[in-house]
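These are my notebook entries on one structure. I record what I looked up and in what order.

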Amino acid sequence: MPLVSMRQLLDEAAKGGYGVGAFNVNNMEQIQAIMEAARETKSPVIVQASRGARQYSQDKYLYHLMLAANELYPEIPLVLHLDHGNSVETCKSAIELGFTSVMMDGSLMPDGKTPSSFDYNVQATREVVAMAHPKGVTVEGEIGCLGGIEDGHGAGLDGLSHLTDPAQAAEFVKLTGLDALAIAIGTSHGAYKFAKKPTGETLKMDRLIEIHKLLPQTHLVMHGSSSVPKDLQDIINQYGGKLKPTWGVPVEEIQLGIKNGVRKINVDTDNRLAITGAIRKVFFEKPEEFDPRSYLKPAREAMKKVVALRMTQFGQAGHAEDYAPLPLSVMAARYEQKRAA
Ligand code: 13P
């Protein structure tokens, strides 16, 4: 089966009342970990790559690794999504390469740092929708600004300074015609999200519920959704790391989000922690080792465990074979029908 439209995966998730994790990758081992977790749990999959990941992998390595994954795991519906596209050009190059879904993050200017105006965001996102939908490619947009910095992208703000305004979100969806909407509710990219377990003051689930009430048909996206589990922090610190105490987004809050329109959940940091902890452990316990496989294998296994657990917790487990993936041309025809209606 070819790489699949993200819109189809999210529509199916909405029907089934579950969420789908979107896991970031930079290399082969991360893709392998996700695909093994998907096979074990029978999950549909969104693999996402940031601009930094595309640079790191020279685009082509990443794309061909995804084709290999698709060939080796034919039973798994598999999406390749661009995370935080900073400009129309970046989204265009991803679509040309073969991404089946793109995020136009017009909440920031193309420098990926400066918060933009509403009008700029609408215009850039509309442009990407106009370019992507005729090809059947899905578009995610963002309104409000997430906290922190992801792979060099982000205003570096705290999670609460540019929360999504619900009325503006509704206007944004109407004006852009996008497929999925990332909202800012207090989460941040990276390990340091909250200084203590989040409360309603720091993680604004009420606001998410308000947005869902205004936009019941829109697939919501939670970025910065790593839970930063203490056991993964502890392994790193036990073997020489120096992480400061920190809290992520509790899984039960994500599950509450899923009950209220969240269909895509972005996770990167938890996997980075799992990989780093496993590698540190080998370096510490077997300093005589120098075959990279001696630490990359346990690293891959540690990431697989985290991904499989999240797939089960988000509810996507067991849904890989619910539906036949549609070709992008069918998705394109659907968008055209809707536009003409
Ligand atoms: P985390 O840093 O919480 O894993 O978030 C990743 C993310 O939102 C990617 O866009």
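Entry 1. Which residue of β7 does L181 stand opposite? I looked along the pairing and found L220 in β7 opposite L181. I note that the model is a predicted one. β6 (residues 180-183) and β7 (residues 219-222) run parallel and are joined by three bridges.

Entry 2. I then turned to the pairing of β6 with β5 (residues 138-143), where I counted four bridges between parallel strands. One partner pair that I noted is E142 with A182 of β6.

Entry 3. How many residues of β5 are buried? I found six of the six, so β5 is largely enclosed by the rest of the structure. T138, E140 and E142 are on one side, with V139, G141 and I143 on the other, and both faces are covered. β5 also pairs with β4 (residues 101-104), in the parallel sense and over four bridges. In that pairing I found M103 opposite E140 of β5.

Entry 4. What do the strands form together? I traced a closed barrel of eight strands with parallel pairing, in the order β1-β2-β3-β4-β5-β6-β7-β8. From one strand to the next the twist averages 25°. α5 touches β3 and β4, and its direction makes about 175° with that of β4. α6 touches β4 and β5, and its direction makes about 175° with that of β5.

Entry 5. Which residues of α5 (residues 88-97) are buried? I listed V88, T90, C91, A94, I95 and L97. Residues three or four places apart in an α-helix point the same way, because the helix has 3.6 residues a turn. The cover over the buried residues of α5 includes α3 (51-56), α4 (60-72), β3 (78-85), β4 and α6 (118-132). Just after α5, I noted a positive phi of about 125° at G98.

Entry 6. I looked up how α7 (residues 166-176) meets α8 (residues 205-214). Their axes come within 9 Å and cross at roughly 40°. That angle makes α7 oblique to α8. The crossing of α7 past α8 is right-handed. P166, A167 and A169 of α7 make the contact with R207, E210, I211 and L214 of α8.

Entry 7. Is Q30 buried or exposed? Q30 belongs to α2 (residues 28-41). I found a relative accessible area of 6% for Q30, and Q30 is buried because this is under 20%. What does Q30 touch, leaving aside its neighbours within four places in sequence? I found contacts with N24, V25, I275 and M303.

Conventions. Residues are numbered from 1 along each chain as its sequence is written. This is a predicted model: local features need pLDDT of at least 70, side-chain atom pairs count only at pLDDT 80 or more; totals for chains, interfaces and linings use all residues. Side-chain values use heavy atoms; hydrogens and water are left out. Axes are lines fitted to C-alpha atoms, for helices over the stretch in contact, and angles run from 0 to 180 degrees between N-to-C directions. Helices (H or I, at least four residues) and strands (E, at least two) are DSSP runs, numbered from the N terminus. Angles under 35 degrees count as roughly parallel, over 145 as roughly antiparallel, 65 to 115 as roughly perpendicular and the rest as oblique. A crossing is left-handed if the near helix is turned anticlockwise from the far one by less than a right angle, and right-handed if clockwise. Contact means heavy atoms within 4.5 Å. Two strands pair if DSSP finds at least two bridges between them. Buried means under 20% relative accessible area, exposed over 50%, partly exposed in between (1.4 Å probe, protein chains only).
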